[in-house]
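I opened a structure that was new to me and kept a notebook. These are my entries, in the order I looked things up.

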Amino acid sequence: MSEHQQYMLRCLQLAEQAAESGEVPVGALIVMDGVIIAEASNQPISACDPTAHAEVCAIREAARQLENYRLVGCSLYSSIEPCLMCAGAAMHARVDAIVYGASEPRAGAVSGGTDYFQHLRHLHPLEITGGILETQSRELIQAFFRARR
């Protein structure tokens, strides 16, 4: 199993915890030098905060851990392709890479309907890797929404 897959498995565990709490199942990690320094699951409902996506929460926690708002040398892992807000947060935090599971054709802003970083060539460059444990990621989120419809 690759390093990306190992981290994505943890994202999926966090996503399952979110689903058990009634949140949309998304999990995210920040990894630096091969060590998970922050992790979070979606919590906009429980936190009454529309910005409390897993990715933003993980970025906030990593910044606290490092005592720095710049996360240079870090990678953001997410079980689903980040939305525009989360992609913007990753860019402002200066993470080096975004790695995600399933693409999100409607709200994804990394490679789906909108490629946020394509328009920001003059800013901090990011490495983007998608499709890590894509089937498991997609099935988790689809099952969540299927149960609610």
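**Entry: Arg138.** The model is predicted, so I read every value here as computed from it. Is Arg138 buried, partly exposed or exposed? Arg138 is partly exposed, because its relative accessible area is 32%. I then took the distance to Ile98. Arg138 and Ile98 are 40 residues apart in sequence, and their C-alpha atoms are 17 Å apart in space.

**Entry: H1 and H5.** I stayed with H5 and looked for a helix partner. Helix H1, residues 3-20, packs with H5 at an angle of about 10 degrees. Their axes are 10 Å apart. Angles under 35 degrees count as roughly parallel, and H1 and H5 are therefore roughly parallel to each other. Which residues meet there? From H1 I noted Met8, Leu12, Ala15, Glu16 and Ala19. From H5 I noted Gln136, Ser137, Leu140, Phe144 and Arg148. I sorted this contact by class and got six nonpolar, two polar and two charged residues.

**Entry: H3 and H4.** Next I turned to helix H3 (residues 54-66) and helix H4 (residues 84-93). They pack at an angle of about 20 degrees, with axes 8 Å apart. H3 and H4 are therefore roughly parallel to each other as well. I checked the handedness: H3 passes H4 in a left-handed crossing. On the H3 side, the contact holds Glu55, Val56 and Ile59. On the H4 side, I listed Met85, Cys86, Ala89, Ala90 and Ala93. By class, this contact has seven nonpolar residues, no polar ones and one charged residue.

**Entry: the buried side of H4.** Which residues of H4 are buried? They are Cys86, Ala87, Gly88, Ala90, Met91 and Ala93. I asked what these residues pack against, and found H3, S3 and S4.

**Entry: nonpolar cores.** In soluble globular proteins, nonpolar side chains tend to be buried together. I looked for such groups here. The largest nonpolar core has 27 residues. Ile30, Ile59, Leu71, Leu76, Ala90, Val95 and Ile98 touch the most other members. Six elements are listed as giving two or more residues to this core: strand S1 (27-32), strand S2 (35-41), H3, strand S3 (74-80), H4 and strand S4 (97-102). H3 gives the most, with six residues. A second, separate core has 13 residues, including Tyr7, Leu12, Leu14 and Val31.

Entry: Most residues other than glycine have a negative phi. I went looking for exceptions. Where does Asp33 lie? It lies in the loop between S1 and S2. Asp33 is not a glycine, yet its phi is positive, about 50 degrees. Asp33 is exposed, because its relative accessible area is 72%.

Glu67 came next, in the loop between H3 and S3. Glu67 is not a glycine either, and has a positive phi of about 55 degrees. With a relative accessible area of 74%, Glu67 is exposed.

Notes
Residues are numbered from 1 along each chain as its sequence is written. This is a predicted model: local features need pLDDT of at least 70, side-chain atom pairs count only at pLDDT 80 or more; totals for chains, interfaces and linings use all residues. Side-chain values use heavy atoms; hydrogens and water are left out. Axes are lines fitted to C-alpha atoms, for helices over the stretch in contact, and angles run from 0 to 180 degrees between N-to-C directions. Helices (H or I, at least four residues) and strands (E, at least two) are DSSP runs, numbered from the N terminus. Angles under 35 degrees count as roughly parallel, over 145 as roughly antiparallel, 65 to 115 as roughly perpendicular and the rest as oblique. A crossing is left-handed if the near helix is turned anticlockwise from the far one by less than a right angle, and right-handed if clockwise. Contact means heavy atoms within 4.5 Å. Ala, Val, Leu, Ile, Met, Phe, Trp, Tyr, Cys and Pro count as nonpolar, Asp, Glu, Lys and Arg as charged, and the others, Gly among them, as polar. A nonpolar core is a set of buried Ala, Val, Leu, Ile, Met, Phe, Trp, Tyr and Cys residues joined through side-chain atoms within 4.5 Å. Buried means under 20% relative accessible area, exposed over 50%, partly exposed in between (1.4 Å probe, protein chains only).
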